[in-house]
Amino acid sequence: MLGWALLFLVIAIVAGALGLSGVAGAATQIAWILFVVGLILAVVFFVTGRRPPCNGSRTAPTRSGGHPAECQCADPPPACRV
């Protein structure tokens with residue numbers, strides 16, 4: 001998302017240099033909106049963290065008795081229950 005914001009920022013700078021103020025203004029607004037949305041999503045994902053899916057395990061429990069990372073959720077799938 002931030003990549004798109006940078007792209008529209010570059011478009012705005014080029015359009016401004018060429019004297020296309022309408023295009024430059026629109027591209028600047030799009031870049032700003034994408035930047036803010038990307039920043040908000042980054043903060044949300046940083047705060048919540050990445051959690052493994054709880055809808056089923058792709059791997060079986062290991063031979064040492066440990067469980068794969070997919071099983072570390074509130075209601076583990078049947079393959080992960082002890």
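Okay, housekeeping. It's a predicted model, so local features need pLDDT of at least 70 and side-chain atom pairs count only at pLDDT 80 or more, while totals for chains, interfaces and linings use all residues. Residues are numbered from 1 along each chain as its sequence is written, and side-chain values use heavy atoms, with hydrogens and water left out.

The overall picture: the protein chain has two helices and zero strands, taken as DSSP runs (H or I, at least four residues, for helices; E, at least two, for strands), numbered from the N terminus. Of its 82 residues, 16% count as buried, meaning under 20% relative accessible area, with exposed over 50% and partly exposed in between (1.4 Å probe, protein chains only).

Which residues of H1 are buried? Ala-5, Ala-12 and Ala-15. They cover an arc of only 90 degrees around the axis, so they're on the same side of H1; that arc uses the directions from the helix axis to the C-beta atoms. These buried residues pack against helix H2 (21-48). Turned away from the buried side, you've got exposed Leu-6, Ile-13 and Ala-17.

Leu-7, also in H1, is partly exposed at 40% relative accessible area. Its C-alpha is 9.1 Å from that of Ala-27, 20 residues apart along the chain.

Last stop: just after H1, Gly-19 takes a positive phi of about 85 degrees.

Methods: Contact = heavy atoms within 4.5 Å.
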